[in-house]
Amino acid sequence: MNYTRQNILKGAIIYSVGDTIAALIIDEFSIYRLLGMILVGAIIYSFEIPNYFQWIDKKTAAFTGMKKTLAKTGLAILYFNPLWIFRHLVFIKLFSGHYTQIDGNLLVIACWSFLVNIPISIVANYIIQNKMHLNWRFLASALFSGLMAIYYALSESFFQ
């Protein structure tokens, strides 16, 4: 299990900063949202993501060459799927106090967000999974996800 103090701090800081930038852009900053995203980054994402990346390495250990590259990239993209994006958007709604906006439309937004993002996600996850050491993947993924948090928060405006 890979749940370290360092990853907890990285998750707390990077995810909350990315979301705060998004919240400021769309004029929805809230201290409750900031605190909630700090907790999500520190408790959930800093636990799930490094452990999933470790699992990817174990699952693809016997593969070589292009098969390994495609498997690692594909498994990373499968993790950050529309349901993951939907959950992230639900967290934003919960911490922003917009409970009534959690509905099926949010899942549609997550699906469109995922589909439009696939080209960028393929490149980023290829680099993270195949060019970075396991110890650095959570940081790289968190930074990428911090940027994507801006996109996800704005995706409601794009895809409604």
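The legends below describe close-up views of a predicted model.

View 1. When neighbours within four places in sequence are left aside, the residues in contact with aspartate 19 are Arg33, Met37, Ile92 and Ala149.

**View 2. Aspartate 27 and phenylalanine 29 in the loop between H1 and H2**. Aspartate 27 is found in the loop between H1 and H2, where its phi angle is near 60°, a positive value in a residue other than glycine. Its relative accessibility is 69%, and aspartate 27 is therefore counted as exposed, the cut-off being over 50%. Phenylalanine 29 also lies in the loop between H1 and helix H2 (31–59), but with a relative accessibility of 42% this residue counts as partly exposed. Apart from residues up to four places away in sequence, phenylalanine 29 touches Thr20, Ala23, Leu24 and Leu34. Asparagine 125 lies 96 residues from phenylalanine 29 in sequence, and the C-alpha atoms of these two residues are 29 Å apart in space.

**View 3. The packing of helix H4 against helix H6**. Helix H4 (residues 82–96) and helix H6 (residues 134–159) pack with their axes 11 Å apart and at an angle of about 75°, which means that H4 is roughly perpendicular to H6, as angles of 65 to 115 degrees are classed in this way. On the H4 side the contact is formed by Trp84, Ile85, His88, Leu89 and Lys93, which meet Ala149, Tyr152 and Glu156 in H6. Sorted by class, the residues in the contact of H4 with H6 are five nonpolar, one polar and two charged.

**View 4. The largest nonpolar core and isoleucine 49**. The largest nonpolar core holds 33 residues, and those with the most contacts inside this core are Tyr45, Ile49, Phe53, Trp84, Ile85, Leu89 and Tyr152. At least two residues of this core come from each of H1, H2, helix H3 (65–79), H4, helix H5 (104–131) and H6. Isoleucine 49 touches Tyr15, Tyr79, Phe80, Phe138 and Ser141, with residues up to four places away in sequence not counted.

Technical notes: Residues are numbered from 1 along each chain as its sequence is written. This is a predicted model: local features need pLDDT of at least 70, side-chain atom pairs count only at pLDDT 80 or more; totals for chains, interfaces and linings use all residues. Side-chain values use heavy atoms; hydrogens and water are left out. Contact means heavy atoms within 4.5 Å. Axes are lines fitted to C-alpha atoms, for helices over the stretch in contact, and angles run from 0 to 180 degrees between N-to-C directions. Helices (H or I, at least four residues) and strands (E, at least two) are DSSP runs, numbered from the N terminus. Angles under 35 degrees count as roughly parallel, over 145 as roughly antiparallel, 65 to 115 as roughly perpendicular and the rest as oblique. Ala, Val, Leu, Ile, Met, Phe, Trp, Tyr, Cys and Pro count as nonpolar, Asp, Glu, Lys and Arg as charged, and the others, Gly among them, as polar. Buried means under 20% relative accessible area, exposed over 50%, partly exposed in between (1.4 Å probe, protein chains only). A nonpolar core is a set of buried Ala, Val, Leu, Ile, Met, Phe, Trp, Tyr and Cys residues joined through side-chain atoms within 4.5 Å.
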